[in-house]
Amino acid sequence: MPQDAQLTFADRVGHFYARRFGFPPMAGRLLGYLLVCDSPQQSIDELSDSLLASRSAVTGAVKLLESFGMARRTRMAGERADRIRLCPVDDQPQHFDSAVHKEHAALFREGLALLDDVPPERMVPLQEKIALAEFFAERLPGLLDEWRVRRDELRTEACPTTPTTPIE
């Protein structure tokens, strides 16, 4: 059974992800719990019991976390139930795909093209969104490279004999 501190942490993560990213609270709770629980892989039933939540709520949370690449289902040979675990840290952290920001800029340019005969101040919000999206598209690849160097250093410090590439 989970410790009270683990459930409190899971609840705090749930509230944070709900408030900051619009996640259903259960998805954030599940993420928080998977970060600190004793067994890194648990079945839906085990998670449901631990989080005092319905199977359907946990299943929905798992699906959402899977869609963001944050969790993965696995099944051991001979088992009938999936086990849920966090995905290993990958080489492409969330929101670091510069292509997404290029798409944003292109989309906002379409909107700007619709504002032909309007006062210039009406264009400012879209112009700023385009500039921000282009800024991120330009800067994120370099930041991602910097992150990889720092991540590899952290991994080496934490476990000097472990390879610095993600293990799947």
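Student: Which residues of α2 are buried?
Tutor: In this predicted model, the buried residues of α2 are M26, A27, G28, R29, L30, L31, G32, Y33 and L34. That makes nine of twelve, so the helix is mostly covered.

Student: What do those buried residues pack against?
Tutor: Their partners are α1 (4–21), β1 (42–43), α3 (44–51), α4 (55–67) and β3 (83–86).

Student: And what is the span of α2 from its first C-alpha to its last?
Tutor: It is 17 Å, close to the 16 Å expected at 1.5 Å a residue.

Student: Where is V36, and is V36 buried or partly exposed?
Tutor: V36 is in helix α2, which covers residues 25–36. Its relative accessible area is 32%, so V36 counts as partly exposed.

Student: Which residues make the nonpolar surface patch with V36?
Tutor: F9 and L35 make the patch together with V36, and its area is about 240 Å².

Student: Back to the α1 side. Which helix has Y17, and what is Y17 in contact with?
Tutor: Y17 is in helix α1. Leaving aside neighbours within four places in sequence, Y17 is in contact with G22, F23, G28, L31 and M70. Two of these, G28 and L31, are among the buried residues of α2.

Student: How many residues apart are Y17 and G28 in sequence, and how far apart in space?
Tutor: They are eleven residues apart in sequence, and the C-alpha to C-alpha separation is 5.4 Å.

Student: Changing topic to the sheet. What is the strand order?
Tutor: The order is β1-β3-β2, in an open sheet of three strands with antiparallel pairing. β1 and β2 (71–74) stand at the edges with a single partner strand each, so one side of each has no neighbour in the sheet.

Student: How many bridges join β1 to β3?
Tutor: Two bridges join these antiparallel strands. Q42 stands opposite I84 in β3, and the bridge partner of S43 is R83, also in β3.

Student: How many join β2 to β3?
Tutor: Four bridges, and again the two strands run antiparallel. A71, for instance, has L86 in β3 as its bridge partner.

Student: Where does L52 lie, and is L52 buried or exposed?
Tutor: L52 lies in the loop between α3 and α4. Its relative accessibility is 71%, and the cut-off for exposed is over 50%, so L52 counts as exposed.

Student: Now the whole chain. How many helices and strands, and in what run?
Tutor: The chain has six helices and three strands. From the N terminus on, the elements run α-α-β-α-α-β-β-α-α.

Student: What percentage of the residues count as buried?
Tutor: Of the 168 residues in the chain, 29% count as buried.

Student: Last one: what share of the contacts join residues at least 24 apart?
Tutor: The share is 51%, taken among contacts between residues at least 6 apart in sequence.

Definitions and conventions:
Residues are numbered from 1 along each chain as its sequence is written. This is a predicted model: local features need pLDDT of at least 70, side-chain atom pairs count only at pLDDT 80 or more; totals for chains, interfaces and linings use all residues. Side-chain values use heavy atoms; hydrogens and water are left out. Patches are made of residues with over 30% relative accessible area and no salt bridge: like charges are joined within 9 Å, nonpolar side chains (Val, Leu, Ile, Met, Phe, Trp, Tyr) within 5 Å. Accessible areas come from the Shrake-Rupley method with a 1.4 Å probe; for residues, only the protein chains shown count as cover. A salt bridge is a side-chain nitrogen of Lys or Arg within 4 Å of a carboxyl oxygen of Asp or Glu. Buried means under 20% relative accessible area, exposed over 50%, partly exposed in between (1.4 Å probe, protein chains only). The expected span of a helix is 1.5 Å times one less than its number of residues. Contact means heavy atoms within 4.5 Å. Two strands pair if DSSP finds at least two bridges between them.
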